[in-house]
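Please read it alongside the sequence and the structure.

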Amino acid sequence: MGATLCICSRASLTIENKRYHFVQKLGEGGFSYVDLVEGVHDGRFYALKRILCHDREDRKEAMHEVEMHRLFNHPNILHLEAHCMIEKGSKWEAWLLLPFVEKGTLWNEIETLRDKNAFLSEERILHILHGICLGLKAIHDQGYAHRDLKPTNVLLEDDDRPILMDLGSMNHARIEVNGSRQAMAVQDWAAQRCTISYRAPELFNVNSECVIDERTDIWSLGCVLFSMMFGEGPYDMIFQKGDSVALAVQNNLSIPSNNRYSRELESLLSSMMVVNYQNRPYISVVISQLEAIQPVVRGQATTRI
């Protein structure tokens with residue numbers, strides 16, 4: 001853990017013996033806030049994530065996110081610069097200092113294009129998807145799964161390099177379920193920590209005897225790919241209308257007809273959006289399929305020129 005003492009004033013704060021100036025608020029979630037801060041020592045901008053901790057369990061979950069960051073030094077996974085835990089009356093705050101990515105998230109890019117009635121090109125999709133897959137592979141290779149992959153949890157650098165963030169829902173890749181009580185516990189956890197419209201079917205109704213594995217991320221990856229292709233996730237509108245996502249994900253996904261993308265990319269999407277997770281590919285297979293498509297796309301681009 002980082003320094004246990006953080007001195008905070010209205011305009012500046014200290015983390016691990018380095019001072020930072022508060023610049024502005026960037027956003028907030030249910031139990032966390034993100035501020036833009038500037039390092040006094042280097043003049044760089046950082047994103048400071050402040051997680052509100054009401055009890056010991058909240059503090060444990062915040063430290064879990066810290067530990068997950070510590071596992072990785074990968075260009076497609078967000079790096080944790082520093083952290084600390086501070087006491088505020090009867091509550092605590094966990095502070096995670098992260099790199100600031102000015103361009104924002106993949107969802108920001110999708111929304112911006114959608115507002116212009118435009119879409120990501122197939123070449124851009126393949127490039128971004130490949131980076132996401134490499135980040136996921138690093139996570140899976142360590143025996144973990146992200147469990148909350150979605151466009152708002154993917155940052156996008158100016159060169160379209162994707163960076164996976166928000167590692168708080170990560171847990172062991174393989175979850176052995178033995179009995180109805182454990183099944184309900186996993187199901188309740190997923191309802192709290194896995195975004196509903198990107199949640200894999202097996203996490204809605206958990207069987208009492210099963211092994212859930214990292215291929216929950218492959219389903220979510222398919223939803224991310226769908227959103228890049230069509231401007232929204234496949235189950236976003238179902239959720240927004242108040243219909244049952246749990247019921248919708250039990251049916252085979254229908255890919256909208258279009259002339260923007262190759263059959264190979266549509267086939268890759270279909271291979272990920274398989275209801276029975278035992279028939280979904282692992283991330284290494286997805287990467288191989290993806291890399292096989294890229295020469296086809298380059299050839300099509302050359303033909304068009």
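Helices here are DSSP runs of H or I with at least four residues, and they are numbered from the N terminus. In this predicted model, helix α5 is followed by glycine 231, whose phi is positive, near 85 degrees. The chain as a whole holds nine helices and twelve strands. Its radius of gyration of 20 Å is close to the 19 Å that the globule rule gives for 305 residues, so the chain is as compact as a globular protein of that length.

**Overall form**

- The C-alpha trace of the chain spans about 55 × 55 × 35 Å along its principal axes.
- Of the 305 residues in the chain, 50% are buried.

**The largest pocket**

- The largest pocket holds about 1,200 Å³ of space.
- Its lining consists of 39 residues, of which Gly29, Gly30, Ser32, Lys49 and Asp166 are the closest to the centre of the pocket.
- At least two lining residues come from each of the strands β2 (18-28), β3 (32-39), β4 (45-53) and β6 (91-99), and the helices α1 (56-70) and α4 (180-193) likewise supply at least two each.
- By class, the lining of this pocket comprises 16 nonpolar, 14 polar and nine charged residues.

**The cavity**

- One cavity of 30 Å³ or more is found when the whole structure is searched.
- The space in the largest cavity amounts to about 40 Å³.
- Residues lining the largest cavity include Arg147, Asp148 and Leu149, together with Cys194, Thr195, Tyr198, Arg199, Ala200 and Leu203.
- Thr216, Asp217 and Ser220 also belong to the lining of the largest cavity, and the residue range of helix α5 is 216-230.

- Helix α1 has 15 residues and reaches 21 Å from its first C-alpha to its last, close to the 21 Å expected at 1.5 Å a residue.
- Buried residues in α1 are Ala62, Met63, Glu65, Val66, Met68 and His69.
- These buried residues of α1 pack against the strands β4, β5 (82-88), β6 and β7 (144-145).
- An α-helix has 3.6 residues a turn, so residues three or four places apart point the same way.
- Helix α5 also has 15 residues, and the distance from its first C-alpha to its last is 21 Å, close to the expected 21 Å.
- Helix α5 is mostly covered, with 15 of its 15 residues buried.

- Glutamate 16 is a residue other than glycine with a positive phi, near 50 degrees.
- The position of glutamate 16 is in the loop between β1 (12-15) and β2.
- Because its relative accessible area is 32%, glutamate 16 counts as partly exposed, a class that lies between the 20% and 50% cut-offs.
- Aspartate 160 likewise has a positive phi without being glycine, with a value near 70 degrees.
- The loop between β8 (154-156) and β9 (162-164) contains aspartate 160.
- Aspartate 160 has 10% relative accessibility and therefore counts as buried, since the cut-off for that class is under 20%.

- Valine 154 is placed in strand β8.
- With a relative accessibility of 0%, valine 154 counts as buried.
- Leaving out residues up to four places away in sequence, valine 154 touches Gly104, Thr105, Leu106, Ile132, Leu149, Pro162, Ile163 and Leu164; one of these, Leu149, also lines the largest cavity.
- Valine 154 and asparagine 76 are 78 residues apart along the chain, and their C-alpha atoms are separated by 9.2 Å.
- Histidine 172 is located in strand β10 (residues 171-172).
- Beyond its neighbours within four places in sequence, histidine 172 is in contact with Gly143, Tyr144, Ala145 and Arg147; Arg147 is also part of the lining of the largest cavity.
- Histidine 172 and glutamate 122 are 50 residues apart in sequence, and the distance between their C-alpha atoms is 33 Å.

Technical notes: Residues are numbered from 1 along each chain as its sequence is written. This is a predicted model: local features need pLDDT of at least 70, side-chain atom pairs count only at pLDDT 80 or more; totals for chains, interfaces and linings use all residues. Side-chain values use heavy atoms; hydrogens and water are left out. On a 1 Å grid over the protein atoms alone, a cavity is a set of points where a 1.4 Å probe fits but cannot get out, and a pocket is an open set with protein on both sides within 12 Å along at least five of seven lines; lining residues have an atom within 4 Å of a point. Grid points are joined across faces, edges and corners, and a volume is the space filled by probe spheres set on the points. Ala, Val, Leu, Ile, Met, Phe, Trp, Tyr, Cys and Pro count as nonpolar, Asp, Glu, Lys and Arg as charged, and the others, Gly among them, as polar. The expected span of a helix is 1.5 Å times one less than its number of residues. Buried means under 20% relative accessible area, exposed over 50%, partly exposed in between (1.4 Å probe, protein chains only). The radius of gyration is taken over C-alpha atoms; the globule rule is 2.2 Å times the number of residues to the power 0.38. Contact means heavy atoms within 4.5 Å.
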